[in-house]
Amino acid sequence: MVPLIGRTLILLSLLAAASGAIIAFTAGSRKSVVGALWARRFAYTYAILISSANFLMIYALIAHDFTVGYVAQVGSRATPLWVTISSLWSSLEGSILFWGLVLGIYVFVATWTCRKHYPEHLPYAIAVWLACGAFFSFLLAGPAQPFHTVLNPPMDGPGPNPLLQNHVLMVLHPPFLYLGYVGMTIPFGLASAALLVGRLGHEFLRPLRTWLLLPWTFLTVAIVMGGWWAYEVLGWGGYWAWDPVENASFLPWLTATAALHSALVMERRSILKGWTVTLVMASFLLTVLGTFMTRSGVFNSVHSFTQSSIGPTILAFLAVSLVWSVLILAMRVDHLSAEGQIDSGKSREGAFLANNLLFVLFTFTVLIGTVFPLVVEAVKGVQMSVGSPYFNRMSVPIGVALLFLMGVGPALPWGRATKQQMIKALVPPIIGGVILLAIGFAVGARNAWTLLALFFGGYTAQVTLREMWLPLVQRMKGGAGIGQALVEGQLVRGRRRFAAYVVHAAVVVIIVSIAVSSTMQQSTEVQLMKGQSAKIGPYELTLQGVETVSEAHREGVLARLSVTKNGKPSGEMLPRMNYYAMSKDPIGTPEVRTTLTHDLYLSIMNIDERSQSVGLHLIINPMVGWIWIATGVMALGGFMATWPTKSRRNEAILRDAAQARGGEAVVES
Amino acid sequence: MSEPVMNEAPVSRKNASRNKWAAVGALGVALVAFLLITVSGIGDNLVYYWTPSDLEANRDKAVGATIRLGGMVKPGSIVGGKNGSTLEFDVTDYKSTVHVKSNGVPPQMFREEIGVVVEGTMTDAGHFECNRLMVSHGNEYRAPKEGEHPDVKELIQSTEGLE
């Protein structure tokens, strides 16, 4: 029964999406009000249908209904509830279904919030969203059907991939990644609409930026969460390996970040319209490329559990999306004419341009390194990969340059900076740079790039903090109390600006932490018998014994180690090796002790209870914890900037911006 | 990127077009430089996925290159590896065999007749110096049939990221 309802829901969602896309496109080209109304209705219908299919699947998973093909494939009576629910995205069919849920929610909310504005743009946007929806419903209806009927249902299933059951981050990482990936469909639709209508004015920039910022924030969190998961689970002591699948999530992030910045220039100067639209479309295309890379099995990676034969279908979707983007860009981009101009490179917009150039360069660097082995294998049949030294060598200088620009840009004024202004803006932050550099040098940093990153980090931190508190100080000078100034200046009127600097501050912390943790790691490998100890940094670890523990869905063998730090007892650490019922191979679970300055990281390489011996990888990773903390702050900043402003207030902001532009225009003439 | 640099004031049109061409030229030079750096960067950092037979066939290229060698641990070939001594074993694809030396502690699953991927390089002394030893998960790797090319990729796939 459940499989039948599920299949019906999916077919109906395919019908709603496909016909809705056609109706919406027609409504857009004929400027029909009734057509637009129906387009919205079809969007809501699609969203409700595909969400219902998801809830049905969640119900089937919880009820252990093994007549449903997907449940028979990944379900298990032994797994705890959180694993059962997250099984929804633990394998291919379910993850495509979940993709539909996320797209449905996005389409619903985006349509709802835009329904009263943008009568010309919205139908086209809906057409694009529903066309994407139709593609994924098509996958679900055919090549990746999760609801096929199992004729002889088993009593119990194998459960999801043990590697995914091993850590709670695996429950969180995929939804965030999907919210980021799928969310890029919305700005893609809006950008397409702007091109098709031939107008990208101030009013339409608002939804475009909001709907770009939201998936960008999710994607940011998802990327770091993936790294965090790898760090906590895979046991090699690092968080980023330039794995093709990691790169796949990083690529759209790079272009989306560039687009967020070029949109700011566009807002101020009414230029870079076609460029911004191109970046937005590229972000979407890169998410599709990323989906292809993870889902098709063309790469060897830890994500290989989701690979399947739907690769060619996704490749076809990528090709269609690419042709669509290139076509409408080529035919319509001249309609988005620039109304302003850049007066001088020595200005904030000049820094933004350099920033955009660097981000695009970064994108190409990573893209080329990721796709190169595929091309070589296709042409010459030789299997190879591009090693991480290539990525490090290329990305470190670009990353450091971006860090520096993050300090220079906000320090410079819009328009044109005079020599005095330049000196006044750019010289004082050197103090911040020198301070951080000195601290780094004092604690032992010697790598040239690390020292450079520390210097620019300090420089940018000083600029960022100054820009954050300047409006506050000004408001307080104007007679406001600190509370009022804080709420008025930072959280209400200047919120977007303030949020942007919160994000910048977090990025500074992240880049510095990456620089320090990747160059100042200490590590050693030891083989310990019961009673023996090993030393690393200030720590001494003694093996107290090897024990077995039994849990419902797994068994574990753990090493009990007593820890002393600088000679003082400091508790126990219990790295372990887990055995899951349905998998012969053990999965290691490293134990990580995080402090504000460093992590102590223990990973088991081999363990034997009979001989009470353990092979351990001991690592001290400086500053890693700050990456996770700063990412949380970054997400906070992202959501703060996305949070909708009341329309009255928005009008005031738009008026301010218009006045500012008017003012500048006077200066220009 | 061409639209922002355009200056539409009539007085400076000539100037603007000169600027435009200068900008295009600079971008072109930057692009070529970027491509050169990228391609040389990739060329220096390739990791080859080879079987012992591939290695045999490319002996001259193998010394100094970064290689992921995939194959089975030959029965009876494991020597050392306890308490920090150098671990030595043979990796075979049942056609060719390569002698491997490793300094790390072997992972839990390491034993005879198991699929492994070792990353490192060939030395002039004729053995493979291994920096990273990974054991295949899933145990699906089987000895290739006569004339069949063993799928290193599949082996590596079941190994990567799981070590």
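Reader: Before we start, how are the residues, chains and ligands numbered or lettered here?
Author: Residues are numbered from 1 along each chain as its sequence is written, while chains are lettered from A and ligands numbered from 1 in the order in which they are written. Since the model is predicted, local features need pLDDT of at least 70 and side-chain atom pairs count only at pLDDT 80 or more, whereas totals for chains, interfaces and linings use all residues.

Reader: Okay, how do helix 15 and helix 18 of chain A pack?
Author: Helix 15 (residues 388–411) and helix 18 (residues 448–477) of chain A pack at an angle of about 25 degrees, with their axes 8 Å apart. Helices here are DSSP runs of H or I with at least four residues, strands are runs of E with at least two, and both are numbered from the N terminus. The axes are lines fitted to C-alpha atoms, for helices over the stretch in contact, and angles run from 0 to 180 degrees between N-to-C directions.

Reader: Are those two parallel or antiparallel?
Author: Helix 15 and helix 18 of chain A are roughly parallel to each other, a label given to angles under 35 degrees, with over 145 counting as roughly antiparallel, 65 to 115 as roughly perpendicular and the rest as oblique.

Reader: And which residues make that contact?
Author: Among them are A:V396, A:L403 and A:F404 of helix 15 and A:W449, A:F456 and A:V463 of helix 18 of chain A, where contact means that the C-beta atoms of two residues, placed from the backbone, lie within 7 Å. By class, the contact of helix 15 with helix 18 of chain A has 13 nonpolar, four polar and one charged residues. Ala, Val, Leu, Ile, Met, Phe, Trp, Tyr, Cys and Pro count as nonpolar, Asp, Glu, Lys and Arg as charged, and the others, Gly among them, as polar.

Reader: What about helix 14 against helix 15 of chain A?
Author: Helix 14 (residues 348–380) packs on helix 15 of chain A at an angle of about 165 degrees, with their axes 10 Å apart, and that makes helix 14 roughly antiparallel to helix 15 of chain A. The residues of this contact divide into 15 nonpolar, five polar and one charged.

Reader: Switching topic, is A:G489 buried or exposed, and why?
Author: A:G489 counts as buried because it has 23 C-beta neighbours inside 10 Å; the cut-off for buried is 20 or more other C-beta atoms within 10 Å of a residue's own, for exposed 12 or fewer, and partly exposed is in between, with C-beta atoms placed from the backbone. A:G489 sits in helix 19 (residues 482–493) of chain A. Leaving aside neighbours within four places in sequence, A:G489 is in contact with A:P471, A:L472, A:R475 and A:G494.

Reader: How many residues has the largest nonpolar core?
Author: The largest nonpolar core has 190 residues, such a core being a set of buried Ala, Val, Leu, Ile, Met, Phe, Trp, Tyr and Cys residues joined through C-beta atoms within 7 Å. Helix 10 (residues 202–233) of chain A gives the most to this core, with 20 residues. Apart from this core lies another, of 24 residues, including A:L528 and A:I604.

Reader: Last one, what helices and strands does chain B have?
Author: Chain B has five helices and six strands, in the order α-α-β-α-α-β-β-β-β-β-α along the sequence. Of the 163 residues of chain B, 33% count as buried.
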